[in-house]
Amino acid sequence: MDQLGIGYLSVFGLPPVQFVDVAATLQCRFISMFLRGLPLAGLGYPPFSLKKDPALRSDLRSALRHHGVSITLGDGFLVVAGGDMRACAADLDIVAELSIPRINVVSLDSDLGRTFDEFAVLAELAAQRGISTVVEPVPGLAVADLPTALAAVRHVGRSDFRLLIDTMHVSRSGSTPPDVAAIDPGQVGYAQLNDATRRPRSADYMEEAMYERLVPGEGELPLRDIIRALPDGLVIELEVPQRSLALAGVSPIDRLRPCVAAARRILADAAG
């Protein structure tokens, strides 16, 4: 099964229908999507809101059907200090309307107890709509590493609340392929593939993570071993934002084509 997808962070706010066209051209059947698009680089893309624009939702559904592409992850759900995840109900209605099977959540709230409780609220709201939830450990955020993410999974205590394994984040937070392999396979729900050096290339971790990751195989991460440690059947989503190339005029297709080719080689090697 071709399990490769393309993450929306890789295209810096490209309009959704155009993103589907890019994925189809690169023969990737899966994508992730944010409900709101804001310019993350000076590329001239207009902001959009799938929540506020029913015509855009209709056009997106048509494009997905036409190309045989599916949105496999609704990204961008945030726990924030003083916020209430019950306010996400209307967003989750849109996720359900678009037949997106899972959402991703991270937390900016340093109060871990409150973070975990808000994860539980979101997971329940999502489950009421047939949507599962994954939590992504990200260095520098409240849930910064695998042990903390696993603690969140235990706290929420639902089979539909699982982990998202991002190769850069997991590696940079200190976890190894054996650490990933030790996780109960039922607790892993999604994966994101990208490469990086072992040491930071920027003083600001999020600057590197949001804007300049490396093509799989061009960095120093043990990608094949991480892939082998993951459960079978996961969508493996390419998340390789490359702002420097984008600002130099390299199109999304031309930026992502070598990433897709490299990812397919790594997935084939890992399977062999």
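Biologist: In which sense do strand E9 and strand E10 pair, and over how many bridges?

Modeller: Strands of a sheet pair through backbone hydrogen bonds, either parallel or antiparallel. Here strand E9 (residues 188-193) and strand E10 (residues 236-238) pair in the parallel sense over 3 bridges; pairing requires at least two bridges found by DSSP. Strands are DSSP runs of E with at least two residues, helices runs of H or I with at least four, numbered from the N terminus. Ala-191 has Ile-236 in E10 as its bridge partner. This is a predicted model: local features need pLDDT of at least 70, side-chain atom pairs count only at pLDDT 80 or more, and totals for chains, interfaces and linings use all residues. Residues are numbered from 1 along each chain as its sequence is written, and side-chain values use heavy atoms, with hydrogens and water left out.

Biologist: Which strands make up the closed barrel?

Modeller: The barrel has 8 strands in the order E1-E2-E5-E6-E7-E8-E9-E10, with parallel pairing.

Biologist: Is Asp-166 buried or exposed?

Modeller: Buried means under 20% relative accessible area, exposed over 50%, and partly exposed in between (1.4 Å probe, protein chains only). Asp-166, in strand E8 (residues 161-166), is buried because its relative accessible area is 0%.

Biologist: Which residues is Asp-166 in contact with, beyond its neighbours within four places in sequence?

Modeller: Contact means heavy atoms within 4.5 Å. Asp-166 touches Glu-136, Gln-192, Asn-194, Arg-213 and Glu-239. The C-alpha atoms of Asp-166 and Arg-264 are separated by 17 Å, and the two residues lie 98 apart along the chain.
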